[in-house]
Amino acid sequence: MDGRAQKILILGGGYGGLCAARTLQRESTAPLAITVVDPSPYMTYQPLLPEVAGGHVHPGDVTIPLRRALRRCRIVRGSVVGMDTSAKGVTVRRIDGSEAVLPYDQVVVAMGAVTRVFPTPGLEEFGIGFKTVEEAVFAHNHVLEQISLAANTPDDDERRRALTIFFVGAGYTGVEALSELQKLSLLALQDYPQLNRGELRWILIEALDRVAPEVGPELSAWTLKHLRGQGIDVRLKTTVKSCEGGDVVLSTGETISANTLIWTAGVQPNPILEATDLPRGPKGHVMADATLAVVRDDGSRVDGVWAIGDIAQIPDLTASEQPAYYPPNAQNAMRQGPVVARNILATLRREAVEEYRHPSLGTVASFGIATGAANIKGVKLRGLPAWLAHRGYHLLALPTFRKKVRVLLGWVAEALTGSETTPLRTLEHPRRAFHAAFVKHEDSTGT
């Protein structure tokens with residue numbers, strides 16, 4: 001390592017990027033110029049988004065401000081629009097629209113994944129995603145607003161549409177989000193005596209023949225039974241052909257009208273990779289070896305480039321059957337971050353690097369208050385024990401002590417005071433009331 005500060009560029013401030021940057025700024029004994037690039041000023045702890053949608057966790061409590069967590073790093077709010085690995089430069093478009101080329105000595109590609117979508121007619125206009133804290137908040141208020149709408153309309157068709165809610169995608173994230181929102185809707189119904197539970201229709205669409213496959217076959221079967229026992233209409237081996245105007249057409253030929261369709265049908269690597277010259281795997285991920293270094297098809301490493309998290313294809317050397325690759329989840333990204341940081345420091349010191357090896361701890365999923373499913377190192381839990389394991393694990397995994405305390409106190413406050421079911425309908429268009437004041441002013445003055 002020469003005397004100048006080495007330029008370390010981290011592309012993405014999610015789980016992996018945040019943990020890599022924190023480790024670098026904590027463990028480096030040599031001068032480093034660490035820059036983190038992300039369009040958002042915060043990292044979102046996505047495993048708790050279903051609890052945000054359910055109203056159990058305040059939205060701000062699952063966000064980690066990058067500037068506060070990474071005080072020794074330079075934070076650039078912007079998006080990657082190009083990358084030249086031969087010139088060791090990344091082109092970034094800042095949030096003000098200006099562009100700059102950021103040079104690097106070592107770069108970590110950690111831009112994560114985006115919602116996987118298909119060219120389904122009507123989906124872009126009608127669907128609601130569930131990947132960001134803003135989407136979780138919107139889903140919360142939208143479901144409550146639909147129940148309020150149903151209680152206040154004399155139109156029977158409109159009432160049915162408002163009380164019909166689709167979820168597409170039955171991975172454990174989709175099942176968690178659906179379960180939280182369904183229980184929220186049942187609480188809200190108590191405020192409207194003119195509505196009854198039998199009118200509320202939740203429909204879960206899944207292309208596979210099972211739900212929540214991440215928890216294993218036995219618990220997947222239990223989860224399916226649990227969902228149906230809660231009155232949820234689960235349609236397996238079914239897809240959505242179109243949803244234009246809220247008319248949801250299924251692969252079975254059936255058409256059901258609804259005002260809500262929440263899309264949780266998986267993720268795909270960040271499409272920004274199309275603007276880079278990084279080597280890609282068969283599913284579009286950046287190819288990396290077990291040390292998290294980016295590699296070409298012939299196995300040679302791309303100088304100074306590393307990849308972690310959902311955007312990377314990383315071999316799982318702990319798996320009994322090979323080849324195997326780590327799944328895109330927070331459990332891996334948060335552990336890959338420190339490993340890549342140590343490997344960067346080792347590379348700069350010309351020392352040996354380590355391989356990323358992490359046998360899966362299992363999966364925990366919450367299906368609303370006091371119920372869930374968990375497979376922890378082969379130990380299968382369901383109901384209350386699984387729910388407690390879910391909350392305990394994520395409370396420990398949530399970055400920063402401050403956020404842990406706030407989430408825990410929020411849970412305690414809810415247990416003591418109950419849940420809020422008031423729809424804050426203006427959150428989607430907060431300036432609408434202000435604009436309406438001008439219209440009324442024009443009417444009153446005749447201008």
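Student: Which residue takes a positive phi in the hairpin of β24 and β25?

Tutor: That's Lys-377, with a phi near 50 degrees, and the hairpin has two residues between its strands. Keep in mind that this is a predicted model.

Student: How do you know that β24 and strand β25 (residues 379-382) are paired?

Tutor: Count the bridges: two strands pair if there are at least two between them, and β24 and β25 have four. So they pass the cut-off, and they run antiparallel.

Student: What joins β24 to strand β23 (residues 362-366)?

Tutor: Five bridges do, and these two strands also run antiparallel. Gly-362, for instance, has Ile-376 in β24 as its bridge partner. The hairpin of β23 and β24 has five residues between the strands, and there Gly-368 takes a positive phi near 100 degrees.

Student: Why is β24 (residues 372-376) described as largely enclosed?

Tutor: Four of its five residues are buried, so the rest of the structure largely encloses this strand.

Student: Where does Asp-105 lie, and why is it called buried?

Tutor: Asp-105 sits in the loop between β8 (99-103) and β9 (106-109). Buried means under 20% relative accessible area, and Asp-105 has 13%, so it counts as buried.

Student: What makes the pair of Asp-105 and Lys-7 a polar contact?

Tutor: A polar atom of the Asp-105 side chain lies 2.7 Å from the backbone nitrogen of Lys-7, and the limit is 3.5 Å. Beyond its neighbours in sequence up to four places away, Asp-105 touches Arg-4, Ala-5, Gln-6, Lys-7, Lys-88 and Gly-304.

Student: How do you know that Cys-19 is in no disulfide?

Tutor: Well, the structure holds zero disulfides. For Cys-19, the nearest cysteine sulfur belongs to Cys-73 and is 12 Å away, while a disulfide needs the sulfurs within 2.5 Å. Cys-19 is also buried, at 12% relative accessibility. Cys-243 counts as buried too, at 0%.

Student: What makes helix α7 (residues 172-189) "mostly covered"?

Tutor: Of its 18 residues, 14 are buried. The helix reaches 26 Å from first C-alpha to last, close to the 26 Å expected at 1.5 Å a residue.

Student: Why is Arg-391 called buried?

Tutor: Its relative accessibility is 10%, and the cut-off is under 20%, so Arg-391 qualifies. Arg-391 lies in helix α10 (residues 384-397). Leaving aside neighbours within four places in sequence, Arg-391 is in contact with Glu-51, His-56, Ile-369, Trp-411 and Glu-414. Arg-391 and Val-364 are 27 residues apart in sequence, with their C-alpha atoms 8.8 Å apart in space.

Notes: Residues are numbered from 1 along each chain as its sequence is written. This is a predicted model: local features need pLDDT of at least 70, side-chain atom pairs count only at pLDDT 80 or more; totals for chains, interfaces and linings use all residues. Side-chain values use heavy atoms; hydrogens and water are left out. Buried means under 20% relative accessible area, exposed over 50%, partly exposed in between (1.4 Å probe, protein chains only). A polar contact is a pair of N or O atoms within 3.5 Å; within protein, one must be able to donate a hydrogen and the other to accept it, and residues adjacent in sequence count only if both atoms are side-chain atoms. Contact means heavy atoms within 4.5 Å. The expected span of a helix is 1.5 Å times one less than its number of residues.
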